Amino acid sequence: MWSARVCPGHHTSPPWAPDPRRAYSGCVSSVDTPSPLLSAPGAVPGQPGSPDATVAWHHGDPFGEQRAAAERVAVVDRSNRYVLAITGAERLSWLHTITSQHIANLGDGRTAENLDLDLNGRVQHHFVLTDLDGTVWIDTEPERGPALLDFLRKMVFWADAQPREATDHAVLSLLGPGVADLTDALGVAELPEVYAAVPLPGGGFLRRMPWPTEDSYDLVVPRDRLGDWWTKLTAAGAEPAGLWAFEALRVAALRPRIGLDTDERTIPHEVRWIGGPAERGAVHLDKGCYRGQETVARVHNLGKPPRKLVLLHLDGSADDRPATGDDVTAGGRTVGRLGTVIDHYELGPIALALIKRTVPTETELVAGPSAAAIDPDSVPVDDAPQAGRLAVDRLRGR
């Protein structure tokens with residue numbers, strides 16, 4: 001039986017560990033230099049060729065690291081995130097017009113999640129942005145960053161906005177209730193609220209996120225200070241954790257990762273990205289025109305999304321394991337697509353999946369070679385009548 005404790009130099013995946021080599025189609029971005037934090041004791045990198053290959057997947061105790069992140073405090077190296085910056089007086093008002101989130105008046109020190117959609121409302125990019133002291137800082141998936149930057153540069157036209165690569169900055173994440181005890185080490189008077197950010201001494205900032213746990217914070221700091229911050233935080237009590245811990249908690253929290261839990265057909269309603277910052281979403285339903293808005297409005301007012309994001313519990317006794325992109329079937333018929341597959345320290349083997357909306361929760365499923373069951377608590381409630389349908393009915397005298 002596989003043990004949660006893995007030899008630090010051993011790269012063989014346990015039976016249910018995700019295989020990052022099958023997670024993405026497309027190339028890895030230019031942010032491909034191994035993180036200096038891979039020299040930390042016990043650090044084991046992600047699979048070669050994957051977007052997560054340059055950071056630690058675990059530090060020798062994957063389940064213990066997850067427990068630390070959920071119950072104490074852990075620090076995770078996410079320096080493979082692609083960072084870019086936008087300066088200029090019209091940076092927010094311009095970005096507001098071409099993306100899905102309402103950010104025209106975001107405010108200094110505020111954060112939001114945002115999407116770039118195509119003309120048919122399909123998700124092209126998901127990113128987190130923070131406006132601080134005259135600069136919008138954006139971080140996104142490593143293999144999608146260059147394409148996002150290229151899109152932004154092409155859309156500037158006459159606006160006073162200057163997008164640029166900012167890969168001289170990097171992301172660390174602090175997870176767990178014990179973050180409250182690290183204010184001195186962080187050099188901040190108090191921790192920010194959700195989607196707020198405060199400057200850090202020596203450059204960069206600390207922001208609070210609503211996921212993957214209730215106590216989640218990102219540090220966006222100069223890349224040449226990664227080692228200093230890692231040393232300072234671990235000396236103050238933060239336990240080293242790999243990206244496996246972050247991903248397991250993200251899956252359990254039903255938070256999708258673009259490229260893993262989405263495909264070329266994904267629309268925002270399918271993956272719970274609807275809502276402004278107050279709803280912890282990435283698509284505001286009360287803002288001006290942007291690319292893809294027609295699909296968003298039509299689904300919200302008149303229709304239902306064709307698929308729904310759910311949590312699957314997988315059969316841990318199977319000889320083989322499913323992988324991202326595998327079909328999910330019911331009675332031999334394909335009813336969905338498998339997203340992130342991962343071992344959780346309490347839930348065991350789990351996965352996110354996009355399943356046809358009409359599939360009943362109790363349906364017996366097969367994901368790749370494994371039996372699977374939908375977690376009933378993960379099924380979104382979408383039985384409320386849409387405003388557009390009600391208006392049509394009123395016009396027809398119903």
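**Terms and model**

Axes here are lines fitted to C-alpha atoms, for helices over the stretch in contact, and angles run from 0 to 180 degrees between N-to-C directions. Helices (H or I, at least four residues) and strands (E, at least two) are DSSP runs, numbered from the N terminus.

The model is predicted: local features need pLDDT of at least 70, side-chain atom pairs count only at pLDDT 80 or more, and totals for chains, interfaces and linings use all residues. Residues are numbered from 1 along each chain as its sequence is written, and side-chain values use heavy atoms, with hydrogens and water left out.

Six strands form a closed barrel in the order 14-17-16-15-18-19, with antiparallel pairing (two strands pair if DSSP finds at least two bridges between them). From one strand to the next, the twist averages 40°.

Helix 6 lies across strand 14, strand 16 and strand 17, at about 135° to strand 16; contact means heavy atoms within 4.5 Å.

**Nonpolar core**

A nonpolar core is a set of buried Ala, Val, Leu, Ile, Met, Phe, Trp, Tyr and Cys residues joined through side-chain atoms within 4.5 Å. Buried means under 20% relative accessible area, exposed over 50%, and partly exposed in between, with a 1.4 Å probe and protein chains only. The largest such core has 37 residues, and Leu 115, Trp 273 and Ile 342 have the most contacts inside it. Elements that each supply at least two of its residues include helix 1 (62-71), strand 5 (110-117), strand 6 (123-132) and strand 17 (348-356). Helix 6 gives the most, seven residues. Domain 1 (29-303) and domain 2 (305-381) both contribute residues, so the core lies between them; the domain bounds come from an automatic or database domain assignment.

Strand 6 is mostly covered, with nine of its ten residues buried. Strand 5 runs antiparallel to strand 6 and is joined to it by eight bridges; Arg 110 stands opposite Asp 131. Five residues separate these two strands in a hairpin, where Gly 121 in the turn has a positive phi of about 80°.

Strand 6 also pairs with strand 7 (residues 135-140), antiparallel over six bridges, and Thr 130 has Trp 137 as its bridge partner. The hairpin of strand 6 and strand 7 has two residues between the strands, and Asp 133 takes a positive phi near 50°.
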